[in-house]
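Please read them alongside the sequence and the coordinates.

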Amino acid sequence: MEVLLARAGRDEEDGKAAGADQIEGFARAARTAADDLDKQSPEIAGYVRQAADGIEQAANSVRNRSVGEFVEMMGSFARKQPTAFFGSAVLAGFVMSRFVKSRADRPTHQPGSVPAS
């Protein structure tokens, strides 16, 4: 039984670290989207950078808290600030769509292929 509990604890920590890494990836994507937006709309780019800062703080929070504490914290935030929670979800979707679009627009170089000149 102790072995199962220890294994479950390791799995939880591994999952928590992977989740924090993914959240940090969202923050990086938000910063990339902000860079893309700078020329077109600097004001929106600033808001996206602020969101990236918040996302980065969330990643740190995930790393430093137990999974249960984080779930409770997010649930509490959603109950107390439903508009901000919904807005964050919409912003995350916008940032991800910009990130995916910017990645799709970039040429890729595959190993073994000769770049076009």
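Is F85 buried, exposed or partly exposed? F85 is partly exposed, with a relative accessible area of 35%; buried means under 20% relative accessible area, exposed over 50%, and partly exposed in between (1.4 Å probe, protein chains only).

1. Basis. This is a predicted model, in which local features need pLDDT of at least 70 and side-chain atom pairs count only at pLDDT 80 or more, while totals for chains, interfaces and linings use all residues. Residues are numbered from 1 along each chain as its sequence is written, and side-chain values use heavy atoms, with hydrogens and water left out.

2. Overall organisation. The protein has four helices and zero strands, where helices (H or I, at least four residues) and strands (E, at least two) are DSSP runs numbered from the N terminus. Of its 117 residues, 18% count as buried. Among contacts (heavy atoms within 4.5 Å) with a separation of 6 or more, 62% are between residues 24 or more positions apart.

3. Helix α2. This helix covers residues 42-64, and its 23 residues should span 33 Å at 1.5 Å a residue; the expected span is 1.5 Å times one less than the number of residues. The end C-alpha atoms are 33 Å apart, in agreement. Its buried residues are A45, V48, A51, A52, A59, S61 and V62.

4. Salt bridges. Seven are counted, each being a side-chain nitrogen of Lys or Arg within 4 Å of a carboxyl oxygen of Asp or Glu. E24 pairs with R63, with the closest N and O atoms 2.9 Å apart. This pair links helix α1 (residues 2-37) to helix α2 across 39 residues. D53 forms a salt bridge with R31 at 3.0 Å between the closest N and O atoms. Because D53 lies in helix α2 and R31 in helix α1, the pair ties together parts 22 residues apart in sequence. E72 and R79 also meet in a salt bridge (3.3 Å, N to O). Salt bridges that share partners join D21, E24 and R63 into one network.

5. Aromatic pair. A search of the whole structure finds one. F77 and F85 are edge-to-face, 6.1 Å centre to centre with 65° between the planes. Rings of Phe, Tyr and Trp (its six-membered ring) pair if their centres lie within 6.5 Å; planes under 30 degrees apart count as stacked, over 60 as edge-to-face and the rest as tilted. F77 is partly exposed, at 33%.
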